[in-house]
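Dear colleague,

Please find below the structure that I am handing over to you, together with its sequence. My notes on its pockets, its cavity and its ligand follow.

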Amino acid sequence: MPPFVQTTHAQESPHCQILSENFQRVRQRIADACQAAQRPSESVHLLAVSKTKPIEDVLCLARCGQGAFGENYLQEALQKIAQAPELEWHFIGPIQSNKTRPIAEHFAWVHSVDRLKIAQRLSAQRPATLPALQILLEVNIDQETSKAGFAPEALTEACHEVLKLPNLRLRGLMAIPQIRQTLAEQRAVFEQMQQHLAQLQEQFPEAELDTLSMGMSGDLEAAVYQGATWVRIGTDLFGQRAYPAP
Ligand SMILES: *Cc1c(COP(=O)(O)O)cnc(C)c1O
């Protein structure tokens with residue numbers, strides 16, 4: 001007999017054990033919110049937002065069963081993708097038009113398409129060997145002058161144009177609303193997003209507009225109540241970020 005019994009898994013670092021507990025807690029929050037909203041729990045996907053966090057943290061969550069990761073900063077993202085190309089990578093940050101090619105080449109999804117020119121470039125630069133790039137239109141839901149995104153009244157025309165692009169698969173909408181304190185206020189702004197998507201679904205019945213990317217660590221529950229299909233969680237999975245990001 002050996003002096004101690006080896007477990008089947010390699011021993012995880014203490015930090016990875018913390019991340020694993022965070023992961024279970026976030027999963028439980030999603031499950032609870034789905035139950036409260038009378039939605040099937042598989043209808044909400046978790047995007048783990050790993051910006052500023054090391055690849056070790058990503059690989060730890062991947063071993064816990066997490067498959068989709070969101071990144072905001074291109075150079076940082078490309079380094080991580082090179083080390084874990086088997087994971088599903090989503091770009092969720094601001095996009096400069098001269099940076100679209102590596103995004104088109106290395107990601108499965110882009111949540112932050114905020115103008116037509118970006119969509120056109122992503123379609124033109126998507127390699128033919130890859131499936132169509134899944135994209136969401138970012139909505140400037142609070143109509144903030146400092147924020148990117150389509151104004152709600154511009155969405156119909158934007159969809160009309162984006163649906164013509166051959167190498168993109170338009171799936172829905174994304175928003176980053178201003179912080180609101182109460183659940184009721186959070187739900188009210190997400191409800192507007194839900195209504196914008198419903199209107200587009202009516203206007204473009206042939207498109208597969210089934211996706212709402214909304215809800216972060218502080219407003220996940222409100223987003224699930226209002227139909228979110230991707231919640232984007234950073235802090236509550238990986239811990240606080242040190243700013244400024246690289
Ligand atoms: C950083 C970020 C998140 C995650 O936010 P947390 O509050 O840390 O959960 C989600 N979405 C976008 C677009 C982000 O930039």
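Which residues line the largest cavity? In this predicted model, the lining consists of Glu138, Val139, Asn140, Ile141, Asp142, Glu144, Lys147 and Ile176. By class, four of these residues are charged, three are nonpolar and one is polar. The space inside the largest cavity comes to about 30 Å³, and a search of the whole structure finds one cavity of 30 Å³ or more.

The ligand and its pocket

The ligand sits in the largest pocket, whose volume is about 560 Å³. Sorted by class, the lining of the largest pocket holds 13 nonpolar, nine polar and eight charged residues.

Around the ligand itself are Val49, Lys51, Asn72, Ile92, Ile176, Met216, Ser217, Arg232, Ile233, Gly234, Thr235 and Arg241. This shell is made up of five nonpolar, four polar and three charged residues.

- Ser217 places a polar side-chain atom 2.6 Å from an oxygen atom of the ligand.
- Arg232 has a polar side-chain atom 2.8 Å from a nitrogen atom of the ligand.
- Thr235 has a side-chain N or O atom that is 2.5 Å from an oxygen atom of the ligand.

Taken alone, the ligand exposes 390 Å², and the protein buries 90% of that area.

The second largest pocket

The second largest pocket contains about 200 Å³ of space. It is lined by 13 residues, with Arg27, Ser41, Val44, His45 and Leu46 the closest to its centre. Both α1 (14–36) and β1 (45–49) contribute at least two residues each to this lining, and α1 provides the largest share, namely four residues. In terms of class, six of the lining residues are nonpolar, five are polar and two are charged.

With kind regards

How values were computed:
Residues are numbered from 1 along each chain as its sequence is written. This is a predicted model: local features need pLDDT of at least 70, side-chain atom pairs count only at pLDDT 80 or more; totals for chains, interfaces and linings use all residues. Side-chain values use heavy atoms; hydrogens and water are left out. On a 1 Å grid over the protein atoms alone, a cavity is a set of points where a 1.4 Å probe fits but cannot get out, and a pocket is an open set with protein on both sides within 12 Å along at least five of seven lines; lining residues have an atom within 4 Å of a point. Grid points are joined across faces, edges and corners, and a volume is the space filled by probe spheres set on the points. Ala, Val, Leu, Ile, Met, Phe, Trp, Tyr, Cys and Pro count as nonpolar, Asp, Glu, Lys and Arg as charged, and the others, Gly among them, as polar. A residue is near a molecule or strand if one of its heavy atoms lies within 4 Å of it. A polar contact is a pair of N or O atoms within 3.5 Å; within protein, one must be able to donate a hydrogen and the other to accept it, and residues adjacent in sequence count only if both atoms are side-chain atoms. Accessible areas come from the Shrake-Rupley method with a 1.4 Å probe; for residues, only the protein chains shown count as cover. A molecule sits in a cavity or pocket if more than half of its atoms lie within 2 Å of its grid points.
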